[in-house]
Protein chains: 2
Amino acid sequence: MDIAIINTWLLTMEGKGVGIIRNGGIGIEGDKIIHVGKMEGFNYKSADILINGENKMVVMPGLINSHFHSMLTLCRGMVHDLPEIEYMPKGLSLFADVLKGQDFLLGTKLAVLEGLRAGTTTFAEYGIGLASLLNNVYKPFNVRVVATEMITELDFSEEKKTDDLYTFYRFLGNNAFKRANKLFKQFQNDELITCMYGPNALDMVSLDLIKEIKEEAVKRNSKIHMHVAQGGRERLQIEKRYGSSMTTVKLLKEHDLLDSTLIAAHIHDTTREERAVMVRNGVKMVGCPSSISKIDGIIPPLADFIELGGIAAIGTDEAPGTGHHDLFIEMRMASLLSKVAKRDPTVLPPWTSLNLGTLGGARVLDLENKIGSLRPSKQADLILLKLNVPHLTPIIHEPFCNLAANLVYSGKGNEVDTVIINGKIILLNGKFQEIEEEKIINQANKRAQELFPEVSELWRKSGSRMVKYHEQGYI
Amino acid sequence: MDIAIINTWLLTMEGKGVGIIRNGGIGIEGDKIIHVGKMEGFNYKSADILINGENKMVVMPGLINSHFHSMLTLCRGMVHDLPEIEYMPKGLSLFADVLKGQDFLLGTKLAVLEGLRAGTTTFAEYGIGLASLLNNVYKPFNVRVVATEMITELDFSEEKKTDDLYTFYRFLGNNAFKRANKLFKQFQNDELITCMYGPNALDMVSLDLIKEIKEEAVKRNSKIHMHVAQGGRERLQIEKRYGSSMTTVKLLKEHDLLDSTLIAAHIHDTTREERAVMVRNGVKMVGCPSSISKIDGIIPPLADFIELGGIAAIGTDEAPGTGHHDLFIEMRMASLLSKVAKRDPTVLPPWTSLNLGTLGGARVLDLENKIGSLRPSKQADLILLKLNVPHLTPIIHEPFCNLAANLVYSGKGNEVDTVIINGKIILLNGKFQEIEEEKIINQANKRAQELFPEVSELWRKSGSRMVKYHEQGYI
């Protein structure tokens, strides 16, 4: 045995709920879990590395961030509290435009580092030029990734008004599609990397191209991860292009795209009936509670989708929108926002939130056989959390165990002490083993402070509310 | 000078917004701030204690928890995801009933410890038998407190159905009122302690007694801190007792209780018109976003109250409800919940959340002249936060400063490095100077694990949803 973790609470996520085992142990050999159970009868003595939880820790599956754009993380805090319509043109795009190749990589490093610190072991990365991110960040960091090359037919450098019909440039889509296909080949032997197709959204990619992509996805037994029904801007384009009675979900249904190949992100601009159709057809959902509440003032319909019997997961979207990449925050937000959405405190209890962040993520990303719960023969992706912190105290086991509730309603992500991915220790006792955390943080600050003064003039000219807030002395 | 903090960002909360100063310094002498400003010209050399932020830290006013019940903190995680009507009788009260005197003190220690770790320096403590909490926790911990003895005329040990009219026992109210009056005398010379009156709510205290309390409050130039319009259970009682067209706010207005002496907690069961009346009459509000969303599935009307011109603050309520005592979480929740309440991403921006947690709290608690912002002559209640953590990176100052946004949307409370209250260092480099953190955590776990098995039978008999969830293996 390579690693044994002894005398610890286990939150296995096996069974109906969170699958708690008290005073348990975990054995790891190579990249796999080989033992999960009570300490009695656990022969751990031969382990090379022994971690003793002294019953003050809990081991749980590494968290799964099922919708994650990392490349713009240097723009954290650069845009907020704007109307949705101003968010891109008067906000994010001004800052994103001055980033160079290395800055995207630095953003990804920072975001993955942040996610790891808060217990995320799998990232469903969705971006442009994934090969570089994989080679320069994910592989050297030894992090599990579902790599989704974004495919779009829009020319983002083109000036366009919100109510103009966007022009599709098929060659742009084709190029991205080629890059996506290449990813599959290039990383097919990497055990930490799986690939998916990422046609951005129905207002940015033509139906013809999406159909081609779907054929390829089915052939490869892969999935399509797409932004679906994201709100007003998308709705307007769909109505203009396909007729005023058309919606994203109707269009997907009519074109045989609404099935188990589809992972639909966001879906807040859908009706309950449309969500029911999605669930019946095997579509899976990813919700991003902090992102959508902050950018749009809208609660993602996670509770509804789950109530309808659908399989769902959560993600942090991108730092400029959400502010952070901490799935503990997102698990709590999923529960609390769903309760207020339904005005019912019994909605989306903590075992469901924990499922969204672990096994639900694995099911959505088609990795259920590999990760998402603690079970012998699954890959050793797991995290240890300190329970002896004031905000998680006390932990009891009689008359019932309050661990799930405390992790969701009281956890911050800073309890994560140790992170193991595919059997390799990434973080130990709060210290990264190889990743140079301080250096990355310093570089990120330096670059942002160098780059963004360049944006000043354009930003001031944009006349957005943020500019006014700044000029009036609020920020 | 006793303490100088140099080379640091300052978030002063002076001026219209957050009052950022880059590369600043703070001087403290005795219990007071004597210097706030840029480093240029700051003569800090004579300071006994020098803290160098190396421009990787920010100093801001200590946070103010304006509605805080700490005594039941040992019950954290014992009740959740129940209908509001079952929350007390089938949940919290079963666990609270087995707590003994020392357990309340231990709960308070744990809660204050947790709050301090997350940057809170003032606690508006609301409970029963405050003198003991003050002598055994707040004074030895050297923490600022607004002590509010809860006054109620109900006999909580009495079996009662939700739709019965509650019986008021005046002697119970009188006894609590006497305890409250005694507090004022007993702690009048304590610079860290101010007292207020706490008639619990209009469904638990008679109008006669509240009027007497108000007279006393006015005489002492103090305030009344009351739970107002908390929802269905209160509404039912008000209608039964005072007539079916009566509401809490109407009743307060009719009896001259709706004025600047009143601090109203929660107020989610009010109309916009009622809130407008409250604001016009100088009532101040405290909202508890996590608590009310978790227990009731309701968003506190903070955004509305502020929009109407009211002065508002935030609190964490009690751990069994909320799960935690972290005002960074509450500042984010205040912003995000308000955005979804109004379906508008521009609502309750970060400078407003930061105000709720600092100066707004000071104004609500009538301590504006002493605390809530960084200004020479104010008391030295302040916190230092590490900015060189992945989730707050990058920090920029051009074209504008993203510090406020990152603290609210990305902060967790675990960035707090140093806490100073009334000029005394409580936490330094993440370590408590005198408070025995580990001991308190261990004691809390031990007591909860000893006590709560006693509850098992009653809890199972309650037949609540939580019991079913437990029996079905979800938790």
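I take helices (H or I, at least four residues) and strands (E, at least two) as DSSP runs, numbered from the N terminus. I am working on a predicted model, where local features need pLDDT of at least 70, side-chain atom pairs count only at pLDDT 80 or more, and totals for chains, interfaces and linings use all residues. Residues are numbered from 1 along each chain as its sequence is written, chains are lettered from A and ligands numbered from 1 in the order in which they are written, and side-chain values use heavy atoms, with hydrogens and water left out.

I looked up the peptide bonds and phi values first. Most residues other than glycine have a negative phi, and most peptide bonds are trans. A:P399 sits in the loop between β15 (382-386) and α15 (403-410) of chain A. Chain B has a cis bond from B:E398 to B:P399, omega near 10 degrees. I placed B:P399 in the loop between β15 (382-386) and α15 (403-410) of chain B.

I also noted A:M13, a residue other than glycine whose phi is positive, near 60 degrees. A:M13 belongs to the loop between β1 (3-11) and β2 (20-29) of chain A.

**Entry: how the chains relate**

Two copies of a chain are related by a rotation about an axis and a shift along it.

I then checked the interface, taking contact as heavy atoms within 4.5 Å. Of the interface residues of chain A, 100% are also interface residues in chain B, so the copies meet through the same surface.

**Entry: domains of chain A**

I have domain 1 of chain A as 3-59 + 383-432 and domain 2 as 63-364; the bounds come from an automatic or database domain assignment. Their C-alpha centres are 30 Å apart. I find 25 residues of domain 1 of chain A in contact with 29 residues of domain 2 of chain A.

**Entry: helix pairs**

For these I use axes that are lines fitted to C-alpha atoms, for helices over the stretch in contact, with angles from 0 to 180 degrees between N-to-C directions. Angles under 35 degrees count as roughly parallel, over 145 as roughly antiparallel, 65 to 115 as roughly perpendicular and the rest as oblique. A crossing is left-handed if the near helix is turned anticlockwise from the far one by less than a right angle, and right-handed if clockwise.

In chain A, helix α4 (residues 170-186) and helix α5 (residues 207-219) pack at about 10 degrees with axes 11 Å apart. α4(A) and α5(A) are therefore roughly parallel to each other, and their crossing is right-handed. On the α4(A) side I listed A:R170, A:G173, A:N174, A:F177 and A:N181, which meet A:D208, A:L209, A:E212, A:I213 and A:E216 in α5(A). That contact divides into 3 nonpolar, 3 polar and 4 charged residues, where Ala, Val, Leu, Ile, Met, Phe, Trp, Tyr, Cys and Pro count as nonpolar, Asp, Glu, Lys and Arg as charged, and the others, Gly among them, as polar.

In chain B, the axes of α12 (residues 327-342) and α13 (residues 350-357) come within 9 Å and cross at roughly 135 degrees. That makes α12(B) oblique to α13(B). The contact uses B:M331, B:A334 and B:S335 of α12(B) and B:P350, B:S353, B:L354, B:L356 and B:G357 of α13(B). I have 5 nonpolar, 3 polar and no charged residues there.
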